[in-house]
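Take a look at the sequence and the model below. Then let's walk through some of the contacts inside.

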Amino acid sequence: MAALTLDERSARRPGLGAPAALGLMLASGFSGLGLQIVWTRQGALWLGHETAAVLAVVAAFFAGLALGASTLGAWLERSARPVRGYAFCEALIGSWSLVLAAFGAQAGGWLAALAGPAPAPAWQWTVAFAATFVLLLPATAAMGATLPALQRALAGRRGASVAALYAANTAGAVLGVLLLAFWLLPSIGLVRSAAVCAALNLGCALLAPAVLGGPLAPAPRRDAAAAASLLPRLAATGLLGIGYEVIVVRVLGQVAEDTVYTFALLLAVYLVGSAAGAAWQARRPAASVDGLLRALAAACLAGGASLWFAPAIKAAVLAAGGASYGAALAAEAVLALAAFVLPTLLMGALFARLAEQGVAAGLGLGRLLGLNTLGAAVAPLVFGVGLLPAAGAKVALAVVAAGYLALASAAALRSRATWAVGAAAGAMVIAAPALVFVDLPPGGRLLALHEGATATVSVVEDAGGSAWLKIDNRAPEGSSATRWADARQAWLPLLLHPDPRRALFLGLGTGITAASAAEDPRLTVDAVELLPEVAALSPRFTAGFATGDRLRLVVADARRHVRASRERYDLVVADNVHPARSGSGNLLTAEHFAAVHERLAAGGLFCQWLPLHQMDLESLRSVVRAFREVWPDAVAVLATNSLDTPVLGLIGRSGGTRLSPEALHRRLRSAPQASRWGFDDEFALLGSVIAGPRALARLSADAAVNSDDRPFVAYRAPRLSYAPDSRPRDRLLALLAALDVAADELPADPGALAPRLAAYRQARDRFLAAGREVVPSADVRRMLAQVQAPLLDALRLSPDFRPAYEPLVAMAVALAPQDPAAARDLLAELVRLQPAWPEARQMLDGPR
């Protein structure tokens with residue numbers, strides 16, 4: 001007796017039934033969404049975080065799905081062996097995922113080089129879309145074909161309708177989003193998470209014959225008339241559905257924390273609604289497509305209207321739940337539910353209803369799914385790049401609602417209900433305020449606002465006249481009031497290089513740091529900034545800096561710019577990016593630090609600034625470990641002595657050589673601008689060092705290495721943003737207690753100044769500890785009661801410690817009109833402790 005083929009055996013078995021088939025769809029959906037998350041993160045590592053790159057990667061993923069559904073999926077629907085085709089697709093997804101896991105990093109380097117360090121948006125979009133489309137196509141095309149193949153294999157079986165299969169697939173995607181974001185990626189990283197997803201695909205391939213066995217139902221006859229209305233509707237609903245998601249995510253980015261967890265929650269709620277809508281359609285079919293379209297238009301307006309109340313909703317949830325990590329996540333989940341749950345419920349029901357009508361009309365699920373996904377692929381470009389920056393979020397919401405209404409039949413368009421929804425959309429455009437949130441300080445005002453494709457950037461002025469830069473309404477990214485501190489972040493590393501001529505600054509912010517460096521007439525500065533809106537507003541903060549033509553602004557992704565560039569720099573300075581923000585952790589990985597090392601000229605120096613006021617100590621330890629993978633002789637410095645906004649710098653030098661005392665002295669004399677920012681002598685410069693290589697090795701000994709594959713910081717740092725568990729000053733003082741530095745570990749040999757420098761560092765630590773519980777007051781007597789004794793003690797320990805001297809002189813001046821004798825006594829003590837500095841003596845000898 002001849003052996004039976006796989007499909008002949010399947011045809012003779014009843015199979016395990018629809019529930020087991022739905023289990024396959026659940027696993028396949030988990031894997032598909034999980035792989036999308038992994039590949040999107042890897043695409044950002046390779047191609048950059050610019051709008052063009054991010055949206056092109058998303059569009060390429062959807063385009064691959066669409067091509068696979070409309071070609072391979074349609075072919076499998078006509079095949080007599082859809083079970084074998086389904087198994088092949090799942091096996092291909094799993095196998096290709098493993099190939100990408102093994103060779104993705106090499107492909108990423110090639111893509112970065114192809115895009116270039118600072119590509120034009122059109123070229124970047126072309127490279128990102130075309131390269132990602134080709135690279136992912138074997139897997140994405142197979143993903144697009146799985147649902148059509150499975151539907152054909154199960155056609156006619158009870159409980160295996162298109163709606164039920166789609167609901168199960170989408171429910172699996174929900175699990176994929178949540179488990180990857182909250183467990184797999186933080187625990188095992190990108191490559192191993194991709195391997196887990198691949199194992200699910202391979203498991204589906206192995207189980208398919210047993211689960212899907214059974215005879216095939218006859219294919220329905222094609223109804224050409226149905227195609228005329230169904231196909232355009234499916235393409236348009238894909239466009240509008242993802243367009244609505246793009247709008248909501250963009251607006252809530254100004255209210256939520258914009259972490260990896262924020263996006264995971266938004267996407268999960270979107271998918272939950274879609275799955276529930278499809279399940280509802282499977283059990284209780286909706287009355288009419290026209291009714292669904294009208295209801296969906298109204299639901300998008302209602303969900304969009306919730307965005308205006310998003311800050312109040314978030315505040316109410318946080319007030320009810322307290323300052324906890326769970327309450328913060330709950331607040332973001334509630335925001336997502338308010339905006340997404342009703343619209344996505346109807347979106348899922350509408351797609352399932354249209355797809356079932358199309359299958360019944362013989363159009364084939366592959367073609368229907370392909371058109372819907374093609375619309376989704378276009379949506380990021382149409383809405384994210386085009387409509388949102390040009391017209392704003394409220395107009396884009398009205399366009400979505402009007403788009404759904406326009407898909408209704410002529411009879412439905414004439415109904416009063418349809419006109420009422422249309423009128424509501426028009427009223428929203430005319431009467432509602434813009435969907436832009438900018439919190440102003442008391443007595444403040446808005447100076448400038450740029451709404452871009454990626455972020456809304458504003459400049460606000462406080463009651464004292466200081467201008468502050470804000471991105472998506474978050475904590476200020478710098479200000480005119482922090483000019484001195486920001487400039488020090490340029491000059492501290494500059495002074496530790498004997499003769500810098502070319503410098504690269506990664507991250508612009510207000511531009512003060514890069515502009516202050518460019519005042520050095522011997523230095524040429526390149527400054528790379530991701531957001532064009534930030535680059536456009538930086539001149540508001542850098543006016544007055546004599547940069548000449550020495551400062552060149554480059555709008556590009558800093559990570560890709562470093563990797564793709566072939567320039568060599570004497571100095572690279574990386575801005576103190578917020579580690580919890582989406583994408584920022586990519587600038588703190590061992591791979592990025594290694595790429596920076598390649599950009600340094602011989603003897604070059606790299607300084608990575610870290611905001612300790614926005615970073616927990618465990619995340620800091622992980623970054624230090626990653627930094628030491630490249631620079632084992634690194635040291636740590638403090639930018640200022642601020643207790644509220646402490647900024648720590650990690651400094652590594654190519655070659656690891658130290659400056660001689662003579663070279664350090666020459667460097668200070670050759671840069672007279674440095675004294676403007678507090679670097680008057682060797683003590684001010686070398687006294688900023690808080691840790692040597694041995695202390696940093698102890699600090700990071702058992703820490704996880706923050707890497708591209710294991711992005712520890714991206715998943716750990718948000719916890720501090722959601723629920724601060726300590727004050728910045730407490731973290732700083734705890735860190736100082738655990739660190740030390742020996743004279744032979746300093747970036748420059750202090751020579752005979754070593755004992756005085758050690759005393760200076762002790763005075764610094766005592767100065768900071770004394771300020772821990774100080775309560776600021778406008779009453780100079782009250783301030784002196786708190787700080788006079790500890791500041792004088794710091795000066796007695798180190799008369800070279802100017803940070804204790806200058807505030808006492810200022811307070812003596814303020815005290816003089818109230819208590820001249822006490823002011824003279826204080827000034828006299830300052831002169832006794834430090835006779836070389838003139839300020840106290842001039843005040844003491846001045847007119848009385």
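## Before we start

This is a predicted model, so to speak of local features takes a pLDDT of at least 70 and side-chain atom pairs count only at pLDDT 80 or more, while totals for chains, interfaces and linings use all residues. Residues are numbered from 1 along each chain as its sequence is written, and side-chain values use heavy atoms, with hydrogens and water left out.

## A helix with a kink

Let's begin with helix H3, residues 51–78. Helices here are DSSP runs of H or I with at least four residues, strands are runs of E with at least two, and both are numbered from the N terminus. H3 has 28 residues and spans 40 Å from its first C-alpha to its last, close to the expected 40 Å at 1.5 Å a residue. That expected span is 1.5 Å times one less than the number of residues.

H3 also has a kink of about 35 degrees, centred on Ala69. The bend at a residue is the angle between axes fitted to the seven residues ending there and the seven starting there. Of the 28 residues in H3, 21 are buried, so the helix is largely enclosed by the rest of the structure. Buried means under 20% relative accessible area, exposed means over 50%, and partly exposed is in between (1.4 Å probe, protein chains only).

## Charged pairs

How many salt bridges are there? The count is 34, taking a salt bridge as a side-chain nitrogen of Lys or Arg within 4 Å of a carboxyl oxygen of Asp or Glu. One of them pairs Arg233 with Asp290, with the closest N and O atoms 3.4 Å apart. This pair links distant parts of the chain, 57 residues apart: Arg233 sits in helix H7 (residues 224–252) and Asp290 in helix H9 (residues 289–305). Arg233 is buried at 14% relative accessibility, and Asp290 is buried too, at 18%.

Another salt bridge joins Arg716 and Asp616 at 3.1 Å, N to O. Arg716 is in helix H26 (residues 712–716) and Asp616 is in the loop between strand E8 (600–611) and helix H22 (617–630), so this pair ties together parts 100 residues apart in sequence. Arg716 is partly exposed at 32%, whereas Asp616 is buried at 8%. Within helix H22, Glu629 and Arg625 lie four residues apart, about one turn of the helix, and their side chains meet in a salt bridge of 3.8 Å. There's a network as well, linking Arg250, Asp258, Asp472 and Arg474.

Is Asn201 buried or exposed? Asn201, found in helix H6 (residues 162–212), is buried, with a relative accessible area of 1%. Its side chain makes a polar contact of 2.4 Å with that of Ser31 and another of 2.7 Å with that of Glu90. A polar contact is a pair of N or O atoms within 3.5 Å; within protein, one must be able to donate a hydrogen and the other to accept it, and residues adjacent in sequence count only if both atoms are side-chain atoms.

## Aromatic rings

The structure holds 21 aromatic pairs. Rings of Phe, Tyr and Trp (its six-membered ring) pair if their centres lie within 6.5 Å; planes under 30 degrees apart are stacked, over 60 edge-to-face, and the rest tilted. Trp39 and Phe61 have ring centres 6.3 Å apart and planes at 55 degrees, so the pair is tilted.
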